[in-house]
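Reader: I am new to this structure and would like to learn how to read it. Please take the features in turn.

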Amino acid sequence: QVQLVESGGGLVQPGGSLRLSCAASGTFFSIDTMGWYRRAPGKQRELVAVITSAGITNYRDSVKGRFTINRDNAKNTVLLQMNSLKPEDTAVYYCNVVVRDNNMNYWGKGTLVTVSS
């Protein structure tokens, strides 16, 4: 089984920055894709950014140029650097990991990001 521990959420003013972190632990050989999704009030969950084991990234259009996803394979950790935050970024952010062993998806419990004056 795989457990994901997220951290870094909080309250920030528009234009500010936050860094989200997600560390994976448990019984697995290696990790394939890692990513971040979010769910805003009254909306469906949406992809924010993903990164493959080869380092290929994909971002939703609304965060391009503001967010950066990267991973630390030695620590089984994925990071999301969020700059120039907007109120529209307010949501619960969820870490997602796909393990190579069986291509199963695992989800974190979520960390709340609130962008407000």
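Predicted model: local features only at pLDDT ≥ 70, side-chain atom pairs only at ≥ 80, totals over all residues.

Reader: How many helices and strands does the protein have?

Author: Helices (H or I, at least four residues) and strands (E, at least two) are DSSP runs, numbered from the N terminus. Here there are 0 helices and 11 strands.

Reader: What radius of gyration does the protein have?

Author: The radius is taken over C-alpha atoms, and the globule rule is 2.2 Å times the number of residues to the power 0.38. For 117 residues the rule gives a value near 13 Å, and the protein has 14 Å, which agrees with a compact globule. Along the principal axes, the C-alpha atoms fill a box of roughly 45 × 25 × 25 Å.

Reader: What percentage of the residues is buried?

Author: Buried means under 20% relative accessible area, exposed over 50%, and partly exposed in between (1.4 Å probe, protein chains only). Buried residues are 41% of the 117.

Reader: Which residues touch the most other members of the largest nonpolar core?

Author: In soluble globular proteins, nonpolar side chains tend to be buried together. A nonpolar core is a set of buried Ala, Val, Leu, Ile, Met, Phe, Trp, Tyr and Cys residues joined through side-chain atoms within 4.5 Å. The largest one has 31 residues, and Trp 36, Leu 80, Met 82 and Tyr 93 touch the most other members. Elements giving two or more residues to this core include strand E4 (31-39), strand E8 (77-82) and strand E9 (91-99). E9 gives the most, with 5 residues.

Reader: What is Met 82 in contact with?

Author: Contact means heavy atoms within 4.5 Å. Leaving aside neighbours within four places in sequence, the partners of Met 82 include Leu 18, Leu 20, Phe 67, Tyr 93 and Val 113.

Reader: Where does Asn 76 lie, and where is Ser 84 found?

Author: Asn 76 lies in the loop between E7 and E8, and Ser 84 in the loop between E8 and E9. Asn 76 has a positive phi of about 50° although it is not a glycine. Ser 84, also not a glycine, has a positive phi near 50°. Asn 76 is partly exposed at 26% relative accessible area, and Ser 84 is partly exposed at 40%.

Conventions. Residues numbered from 1 in each chain as written. Heavy atoms only, no water.
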